[in-house]
Structures are given as structure tokens and as C-alpha cells.
Amino acid sequence: MSKLGNLGQLGHRLHRGEIAYDFVGKRRLWYGVSILITIVAIAGLAINGLKLGIEFSGGAVFTTPKTSYSVTEVQNKIAGDTGGHVATVQKLGTGGVRIQVSDISTEESKSIQEKVATDLGLDATKIDAQIVGPSWGEEISKKAFTGLIIFMILVVIYLAIAFEWRMAIAALIALIHDLTITVGVYAIVGFEVTPGTVIGLLTILGYSLYDTVVVFDGLKETTRGITKQTRFTYSELSNRSLNQTLVRSINTTVVALLPVGALLFIGGGILGAGVLNDIALALFVGLTAGAYSSIFIATPLVADFKERDPELKALKKRVLAKRKADAAKGVDPADEDRRAREDVAAAEAADADDEPEDGDRAAAGGVVGQRPQGAAARNRSKNRPSGKRR
């Protein structure tokens with residue numbers, strides 16, 4: 001319980017701006033890490049390629065009745081029966097085995113069925129054989145790719161309307177980043193790409209987008225009216241917004257990864273339910289990459305895009321000039337930052353108590369980083385010790 005309490009306290013301190021990690025300031029480091037991971041993923045994809053399941057490459061699946069042979073024993077006995085094609089063997093809960101052989105014709109499947117029955121001492125008629133043609137997989141692949149392109153276009157349009165085009169571009173880059181890493185891990189690990197994999201990939205796109213939108217929504221609120229103040233640059237306010245939503249992003253990611261990790265490591269690894277690996281690996285890698293990209297990629301990219309705007313460039317010059325002047329006067333930067341946090345907190349409290357109209361809100365210092373005026377300032381001064389640091 002104490003650890004949970006400490007995490008909650010950390011979240012409150014991050015939200016109030018008492019502590020913060022400079023994610024945006026170190027963005028070049030995160031860009032470098034992401035580029036390195038992406039290069040490794042693309043190299044793995046180019047060297048190993050994707051191991052397509054029979055749904056995409058075509059082939060046959062042979063299901064035997066209950067047998068005492070283990071997976072290893074079955075693999076050794078049928079090693080010469082598949083005509084050089086790779087056979088994947090899995091133990092079923094019924095006691096039988098599932099033998100999957102990719103890229104074979106109908107005639108080859110009949111010959112393999114008879115040889116498997118002879119080697120395992122079974123009646124060939126009791127072995128269930130299912131033939132899958134590659135045309136089905138090609139059709140599914142085309143539809144999945146078409147759906148992915150439409151999804152990307154709709155995401156960009158929605159984010160451009162709800163937020164702005166810079167955030168839409170940053171979110172799109174983050175989504176491509178997540179997909180590339182997930183596909184690359186599949187190629188490196190060698191797991192088969194099945195319809196479950198496609199489902200997992202499409203699922204992580206929705207999760208990654210959700211996490212990014214949560215961060216962007218906080219960023220939009222924090223930077224509203226930013227040009228009306230001279231205490232913070234856009235990068236600094238975006239970093240503050242990111243820290244305020246950090247604990248929420250971590251909690252959401254951990255809660256989502258727990259059941260997926262159980263499917264992957266316990267269900268697929270320990271219990272041997274290999275069919276769970278198809279979707280579980282895609283979800284596990286994709287959820288992790290999505291949380292990473294929303295924090296380390298999407299928001300820093302928005303800050304980079306925004307600070308190329310002439311108005312925000314001018315703001316940055318004013319902020320730096322003011323700090324230089326304050327330093328010459330001997331003003332303590334730490335005290336200035338504390339006062340800024342108190343001003344923002346007082347403005348938020350005044351808004352929560354009084355709920356003024358939009359015009360009154362601006363007059364009361366509702367702009368982020370701007371000291372409250374009028375009644376809000378008087379209320380703040382009543383509840384704050386005068387002239388003494390805490």
C-alpha cells in the first residue's frame with residue numbers, strides 16, 4: 001500500500017510541477033534511440049523476412065487423434081515425410097498433435113498424410129487434413145492493408161480537426177514507428193504471421209492512438225494562450241504537460257500489459273498454447289512501443305514542429321531575454337518557478353470556485369503561466385504567506 005501511496009504522491013507532484021523530467025529537452029536522445037530500434041527492426045525484416053502461416057502461404061494442417069508421442073518425438077519421426085517443407089508441431093489438449101506444413105499442394109498433402117499415419121502407427125482415415133489455399137490469405141492481406149491505409153487517413157483528418165495538423169503528423173509518425181517495431185520483432189523472433197497477428201496489429205493502432213490523444217489533449221490545454229506570457233517556452237510547457245499525464249500513461253500501459261503478458265509468457269510459453277503467441281506477441285510489443293512513442297516521440301515532435309512557427313520563435317526570444325534580465329537583477333530562478341506554479345494553481349482554484357465566463361477567465365489569469373489579476377490575485381494573496389519562502 002505504501003508503494004501505491006508513493007506512486008499517487010508522485011503523480012500529484014508531477015501534476016503540480018514540483019518535480020519533472022525533461023523529456024522534451026532530451027528529445028534528440030529519444031530520436032536516436034527510436035531510429036536505432038527502427039533500423040534493427042527493418043534489418044531483421046530484410047534478413048529474416050516474415051514467417052507466413054498457412055493462411056497466407058497455403059498448405060495443410062493435419063490433426064491426429066490422441067497419441068502418446070511428444071512434440072519432439074513427432075518432429076523426429078516425420079522429419080523426412082514433408083518433402084523438405086518445414087513442419088510445425090503442436091500438442092493439443094485432447095492428447096493429439098497438430099502438424100502444420102506450409103506451401104504444399106493437395107497431392108502432396110495426401111502423400112504426407114499417409115506417411116505421417118504410418119510413422120505414428122495411426123489409421124490415415126482418422127487423421128483430419130485441412131487444405132488451405134494461398135488465395136484466401138492474399139485476399140485478407142489486401143483487405144487488411146486497405147483498412148490500414150483508410151485508418152491512417154481518418155486519423156490524420158480527425159487529429160487535424162480536433163487539434164491541429166502538426167499534432168496529426170506527429171501522431172502518424174508515432175503510429176508508423178509502432179507498426180515498424182512490432183513487425184520487425186516478429187521477423188527477428190520468427191513467430192508465424194497469422195490472422196491473429198493482423199488482429200493484434202490493428203488493435204495496437206487504436207491503443208497507441210488513444211494514449212497519444214490523451215497526451216495531446218493535456219498539451220492543448222496547457223499551451224492555450226501561451227503567447228500572452230513570458231515565463232515559459234512552448235517546449236517547457238509541453239514538457240510540463242507531459243509530466244502531468246505521465247503517471248496516467250504508465251498506469252494505463254501496465255494494466256493493459258498484465259493480461260497480455262500472461263497470455264504470452266504463461267499461456268504460450270509455460271503452458272504451451274502456441275496459438276496464443278500470434279496475437280499476444282503483437283499486442284505486447286505494440287502496447288509497449290505505443291506507450292513509448294506517445295511519451296518520447298509524439299510530444300517532442302510537436303514541440304519541434306511548433307517552435308518553427310515565427311510567433312513561438314519570438315516568444316522563445318522574449319522568455320530567454322526576460323530570464324537574462326532577471327539573472328542580472330539577481331532574481332532567483334527557483335523562486336520564479338515556484339511563483340509560477342502558485343499562480344497557475346491559484347488561477348485553477350479560482351476557476352473551479354467561481355466558474356467565470358470566458359472573458360472573465362482571461363481577466364482572472366486563466367492563461368497558463370500568467371499571474372492572475374483582480375479578485376483571483378487578492379484571493380491568492382490572502383492564502384499565501386507574505387515575503388517568506390516555504
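How many of the residues of this protein count as buried? Of its 390 residues, 42% do, where buried means under 20% relative accessible area, exposed over 50% and partly exposed in between, with a 1.4 Å probe and protein chains only.

Hi everyone! A word on the model before we go on. It is a predicted one, where local features need pLDDT of at least 70 and side-chain atom pairs count only at pLDDT 80 or more, while totals for chains, interfaces and linings use all residues. Residues are numbered from 1 along each chain as its sequence is written, and side-chain values use heavy atoms, leaving out hydrogens and water.

Let's start with the overall picture. The protein has 15 helices and six strands; these are DSSP runs numbered from the N terminus, with helices being H or I of at least four residues and strands E of at least two.

Now look at two helices together. H7 (residues 165-189) and H8 (residues 195-222) have axes that come within 10 Å and cross at roughly 145 degrees. Those axes are lines fitted to C-alpha atoms, for helices over the stretch in contact, with angles from 0 to 180 degrees between N-to-C directions. Who makes the contact, meaning heavy atoms within 4.5 Å? Among them are Leu-175 and Leu-179 of H7, and Leu-205 and Phe-216 of H8.

Phe-216 brings us to the aromatic rings. The whole structure holds six aromatic pairs. Rings of Phe, Tyr and Trp (its six-membered ring) pair if their centres lie within 6.5 Å; planes under 30 degrees apart are stacked, over 60 edge-to-face, and the rest tilted. Phe-163 and Phe-216 have ring centres 6.2 Å apart and planes at 75 degrees, so this pair is edge-to-face. Phe-163 sits in the loop between helix H6 (134-162) and H7, and Phe-216 in helix H8, 53 residues apart. Both are buried: Phe-163 has a relative accessible area of 16%, and Phe-216 is at 0%.

For a contrast, find Tyr-292 and Phe-296. Their pair is stacked, at 4.8 Å centre to centre and 25 degrees between the planes. Both residues lie in helix H11 (residues 275-306), four residues apart, about one turn of the helix. Tyr-292 counts as buried at 19% relative accessibility, and so does Phe-296 at 17%. Ring pairs also link these two with Tyr-21, Phe-23 and Trp-30 into a cluster.

One last stop: is Gln-113 buried or exposed? Gln-113, found in helix H5 (residues 106-120), is buried, with a relative accessible area of 17%. Leaving aside neighbours within four places in sequence, Gln-113 is in contact with Phe-62, Ala-124, Ile-127 and Ala-129.

Conventions. Contact = heavy atoms within 4.5 Å.
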